[in-house]
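The following dialogue takes up the reading of side-chain contacts. Please keep the sequence and the model in view throughout.

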Amino acid sequence: MKLKITGNTPLETQVIDSLNYLKNHNNYASVKNEANSIQQRLFRKGFIENKLLGIKKVKDSLFNANFSLKRKFKTIYIYYDKSLVTNSILNLVTSHVFDDYFELKFTEVENALKTINSKISEEGLPFSKLKLSNIRIIDNTNLLAQLSIDATEEKRIINNIIIKGYENFPKSYLMHYLKIKPKQVFDIDEIKVKTEQLNNLRFASELKSPEVLFSKDSTTLYLYLKKTQSNSFDGFLGFGTNEETNKIEFDGYLNLNLTNNLNFGESFRLLYKSDENDQKTFTTNLSLPYLFKSPIGVDLSLNIFKKDSSFTTVNQSAKIHYQINSRHKIYAGVLYEESNNLLNENSVTQIFDYKKNFLSLAYEFQKPQTNNFLFPTNTYLYLETNFGNRKESNQKERQSFLNVNTFKIFNLNRKNSLFIRANAATINSDTYFENELLRFGGINSIRGFEENSLFATMYGLLNTEYRYQLNNSIYIHSIIDLAYFENDIAKINQKLFGYGFGFGLFTKAGLFKFNYANGKNEGQKFKFSDSKIHLSLTTNF
């Protein structure tokens, strides 16, 4: 069964044909529905006087619908009440806004009214109704109308917030992280956008969309949350062949993270690392967000580093942070560092006892990707600067330190992605001690080298991985790392290159990772190459 729609003139038929109506149908009811649909589409195009003259059966399988389009109206002038709708809202839909009326193309009326109604709802009037009344014809192309808004109720505000599922969810996160609180103007669309940010938290997630209970004089918001496993324990084992002894050497670390065990949103981290160069690191970090229900939190850290029998360095810092929103955070604080020379006084080295007092400023940005279980963070940026004094014996020297760490995942499609990470740090000083140099190398910096085997006054590195996800729990990836560093004590600058491959497997025990990488070092004074295999396991509990 076929349908042909015509107008009273060839020009009208041409207008109808431009609508690309459905011509093939299974029955007469479908034919009639299509004709009615075309009539509504003609209304929206400005042919408000169009009429369906009739549907006739021309042949056994052919029907003809005939329309009379008449005049096409192009512009409508809409008068409005300033007390009901503001100019700022009207400016969103047209640039032709005047004291008591605004001008629209007729084809834009439907979308414009939807936008205006949506903005009025955002101002706490969810039951407002919008319509055009007293529509009059001015001439052959222009119309005039009155904008009527039925918003007799008072503005709705959130009177009460009830959490279901995870009743002990820290209330400070509602106020400062999601920025949802009582006495706030009710806007359900904005609330839904905010609650989606819960999925960015490690310790909670959203079970379903928020619901609202309206009564005559109150508005109650229901949030459905779930507490998730947020504690984690991970470690890795690395091994490779020593080029001098031809023996296999091992290194590794243990990393414990405890999050939100007191339902406060707090986090505690403990790290112990032992490197094959007889280096040991002990680190603890404590973060206490939203102290006394304020937007201010505190971060405390302690780091102890021991280099064989050469020196020890103790680093302590205390920072306050302010969470601007779910993605942005700023820090300010102090850093104290003390290092001790363990060698005998007759040794000829650049290792000295010193103390440092620095002021710290930092900024952090995170953008999640909640649809990817293996790689939950899409973009990350951390920028920190420290400036202060280093004191050695009776000598004091001004110093500054800058550190940048950032990465980005470029999702090419559902299975393929490109991971790029950049990390750089520098110490700015007139003189340098060996025990204050920057330490890098290994699985968390440039792969293919021993952990913390490289010492620098300045370095920059680039990590890249081409990742392919076989499914939601298995992925394989390439390893291509580049780095450049300078050591002003040894008077060297070198270029580093690491390459290899790896894979990740998510099991019931946790996320298991395997990485194999070769490292090459080409400098002004020496060359060497190394290869490393790293095995790591991260488990939540």
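**Reading side-chain contacts**

Leu254 counts as partly exposed because its relative accessibility is 46%, where partly exposed lies between buried (under 20% relative accessible area) and exposed (over 50%), with a 1.4 Å probe and protein chains only. This is a predicted model, in which local features need pLDDT of at least 70 and side-chain atom pairs count only at pLDDT 80 or more, while totals for chains, interfaces and linings use all residues. Residues are numbered from 1 along each chain as its sequence is written, and side-chain values use heavy atoms, with hydrogens and water left out.

Q: Where is Leu254 found?
A: Helices (H or I, at least four residues) and strands (E, at least two) are DSSP runs numbered from the N terminus. Leu254 belongs to strand 12 (residues 248–259).

Q: How many aromatic pairs does the structure hold?
A: Rings of Phe, Tyr and Trp (its six-membered ring) pair if their centres lie within 6.5 Å; planes under 30 degrees apart are stacked, over 60 edge-to-face, and the rest tilted. There are 26 aromatic pairs in the structure. One of them is the tilted pair of Tyr173 and Tyr177, at 5.7 Å centre to centre with 50 degrees between the planes. Because Tyr173 and Tyr177 are 4 residues apart in helix 5 (residues 171–177), about one helical turn separates them. Both Tyr173 and Tyr177 are buried.

Q: Which residues do ring pairs link into a cluster?
A: The cluster consists of Tyr166, Phe169, Tyr173, Tyr177, Phe203 and Tyr290.

Q: Which ring does the charged end of Arg467 sit over?
A: A charge sits over a ring if NZ of Lys or CZ of Arg is within 6 Å of the ring centre and within 35 degrees of the ring normal. The charged end of Arg467 sits over the ring of Phe375, 4.1 Å from its centre. Arg467 also meets Glu465 in a salt bridge (2.9 Å, N to O), a salt bridge being a side-chain nitrogen of Lys or Arg within 4 Å of a carboxyl oxygen of Asp or Glu. Arg467 and Glu465 are both buried.

Q: How many salt bridges does a search of the whole structure find?
A: Side chains of opposite charge can pair when their charged atoms come close. The search finds 14 salt bridges, including that of Glu190 and Lys194 (3.3 Å, N to O). Glu190 and Lys194 lie 4 residues apart in helix 6 (residues 188–195), about one turn of the helix. Glu190 is partly exposed because its relative accessible area is 39%, whereas Lys194, at 13%, is buried.
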